[in-house]
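Trainee: Could you take me through this structure, one step at a time?

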Amino acid sequence: MAVLLTIAFTVCGVMFYRRYVALSTPPTVRLADGAVYPEMPADGTHRYLRLPLDHHDPTKGAFTGFYILSPRFAPARDVVFVLTDGQQELVDTRPDMEWFTDRLGNLPYVLIGSRGHAPTLLPEVYRKDGALNYAAAINLYGSAQRVEDIESVRRAMEAKGLLPPGGKIDLYGGSGGGFLVQQYLAKYGRNVRRALIESSGAPDLAYKHGTSFSRGLAESDPRAAELFSRIVASRGNAPALAFLLGRLAQERLDGQELVRSLLEDLVAESFRGRLRRFHYALAPGRNWMLVRHLMRLPAEDAVKVRMYELLGADLGRYASGSPRQDNLMYEWCLEILDDFIKAGSAGVITPPAISLDRSTFAGEVLVFAGARDSVFGPERGLWISGAYPHSRFALFDDVHRLGRYPDYYRRFREAFFTHGLASPAVEMFFQDKRQVRR
């Protein structure tokens, strides 16, 4: 038995090491034309297509992308394109289809592999010595290319008869993916029937309202902002604490209260406070040291490109130290994006100027928001909803991840995509007691 356990641990260790090396080494090759990933053979559900490396310069060649059809997909039916943001990394060659089905139920949907995310890494964004070419990364991994990739998938599906007559689609995206929905609508809204945007914000709308893309801590809890500022001023290490607090606030319904009580314990320098902080940070998703290390891997460069797109302009203006300005996301992003910020200061790159025209979209938009969302809050959802001519806003007593009423949310989404905003089926959900804004 001991020998078998030793062999098992050795095999697992070797596999982990190889996986780690693959993630930490800049790619040198791409999937060849006509090839497929061994773990994802091409079939009726898993589709491959060739995409331009640079949609604005076809002479640069092409790479192999992919999209995945949901288990209940049927040709010529209305279909939902699920748009996932770079930071979410939800789509690979073996995505958790159950996660998406839990949100969309029986609706047919499409997942699209993202350029820059495993396994679709592009060697062209690296120099010969393996260093990141920031200008190339901003160009080839940026959302402007992603929007064109999405449209290319739509056209490919239309050509194969997989979409209804006219080739129109529905869109669904949350958080940063919700802003990708807005970006696609701004350019290709004529191809969209309905769009659902969840727990999201918009840099351009925030700027028009004189505030930041994401919520400052004082917007959610002025007392917590005061405590956080005191701790940082006396002890420093703002990124680690900000990351932990931000994750707690996003995950738990009592997140804001939990953040404030933890800060009170830390200000008092109690043993209980240190123990609580250690306990909460044990979860891998809240562990700053682990996340910071992982974010330095080449496999995460596309994630940082998206973060720089959305936050770069704000980070350039950000100054911590005041409870009014302290922003948990910006505190840790300043460290994660330090190399991008330096490249920006040197004039190598600049954050893209984002300004979307939402007024011309003729389809329907439904915006979901959580009243306790510490990242965007309900006001940013209202700004998005108000910018579209045919839109409604739904508010729930929930946090950023909208996990309190999963069945209710799923049925609400299904009703919207199936029947539309003006239907009695959708109105029933607006009149439900779980809907805060009735």
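This is a predicted model: local features need pLDDT of at least 70, side-chain atom pairs count only at pLDDT 80 or more; totals for chains, interfaces and linings use all residues.

Trainee: Is R193 buried, exposed or partly exposed, and why?

Mentor: Buried means under 20% relative accessible area and exposed over 50%, with partly exposed in between (1.4 Å probe, protein chains only). Because the relative accessible area of R193 is 24%, the residue counts as partly exposed.

Trainee: In which strand is the place of R193, and which residues is R193 in contact with?

Mentor: Strands (E, at least two residues) and helices (H or I, at least four) are DSSP runs, numbered from the N terminus, and R193 has its place in strand β6, residues 192–198. Contact means heavy atoms within 4.5 Å. Leaving aside neighbours within four places in sequence, R193 is in contact with D78, K168, I169, D170, F361, G363, E364 and F417.

Trainee: How far apart in space are R193 and I169?

Mentor: In sequence, R193 and I169 are 24 residues apart. Taken from C-alpha to C-alpha, their separation in space is 5.9 Å.

Trainee: Which residues are buried in α17?

Mentor: Helix α17 covers residues 406–419 and is followed by G420, whose phi is positive, near 95 degrees. Within α17, the buried residues are Y408, Y409, F412, R413, E414, A415, F416 and F417.

Methods
Residues are numbered from 1 along each chain as its sequence is written. Side-chain values use heavy atoms; hydrogens and water are left out. The expected span of a helix is 1.5 Å times one less than its number of residues.
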